[in-house]
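User: I would like a close look at one part of this model, followed by what surrounds it in the description. Please keep the account plain and give the cut-offs for the terms used.

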Amino acid sequence: MKDVLSLADAQALMKDGDVGRLIKHHMAEAQRAAAHRRGLVLRYPDLAEKLTQAPINHSRPDVWNGFIPPATDCTGAINTAPCRPALLALVAEAEARTGQPAHRHDAAA
């Protein structure tokens, strides 16, 4: 299966009654993206340490699984959690340091 599903792909899967496959695909992609973000941030001790500071406040850097809260909730309301922009900034800084292109985290997180 390709990494990105188009709307037509999703509609075809639903038409074929294979919604479980669609869900599994997106869950696996979200887990891969989170693991990638986690690895990027934990690579840099100064960035990892920021995971324990406000507004993120994890007990230890290694407990962060790479998840970034979504931009909106299921009703479309904007997510105002203060940890979201802080996590986005940490990931962006880690990407800049590694020379990797920035990724859109809104859809994946």
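Which helix gives the most to the nonpolar patch?

Analyst: Helix H2 (residues 19-42) gives the most to the nonpolar patch, with 3 residues. This is a predicted model, in which local features need pLDDT of at least 70 and side-chain atom pairs count only at pLDDT 80 or more, while totals for chains, interfaces and linings use all residues. Residues are numbered from 1 along each chain as its sequence is written, and side-chain values use heavy atoms, with hydrogens and water left out. Helices (H or I, at least four residues) are DSSP runs, numbered from the N terminus.

The patch lies on the surface and is formed by Met14, Val19, Ile23 and Met27, which together have about 370 Å² of accessible area. Patches are made of residues with over 30% relative accessible area and no salt bridge; nonpolar side chains (Val, Leu, Ile, Met, Phe, Trp, Tyr) are joined within 5 Å, like charges within 9 Å. The areas come from the Shrake-Rupley method with a 1.4 Å probe, and for residues only the protein chains shown count as cover. Met14 is found in helix H1 (residues 7-15). Its relative accessibility is 47%, so Met14 counts as partly exposed (buried is under 20%, exposed over 50%, partly exposed in between, with a 1.4 Å probe and protein chains only).

Turning to charged pairs, the structure holds 4 salt bridges, each a side-chain nitrogen of Lys or Arg within 4 Å of a carboxyl oxygen of Asp or Glu. One of them pairs Asp46 with Arg97, with the closest N and O atoms 2.7 Å apart. Because Asp46 lies in helix H3 and Arg97 in helix H4, this pair ties together parts that are 51 residues apart in sequence. Arg97 also meets Glu93 in a salt bridge (2.7 Å, N to O); Glu93 and Arg97 both lie in helix H4, 4 residues apart, about one turn of the helix. Through shared partners, salt bridges join Asp46, Glu93 and Arg97 into one network. The relative accessible area is 40% for Asp46, 34% for Arg97 and 33% for Glu93.

The loop between helix H3 (45-50) and helix H4 (83-98) contains Pro55. The peptide bond from Ala54 to Pro55 is cis, with omega near 10°. Asn57 is found in the loop between H3 and H4, and its phi is near 60°, a positive value in a residue other than glycine. Most residues other than glycine have a negative phi, and most peptide bonds are trans. Asn57 is exposed, with a relative accessible area of 51%.

Terms used. Helices (H or I, at least four residues) and strands (E, at least two) are DSSP runs, numbered from the N terminus.
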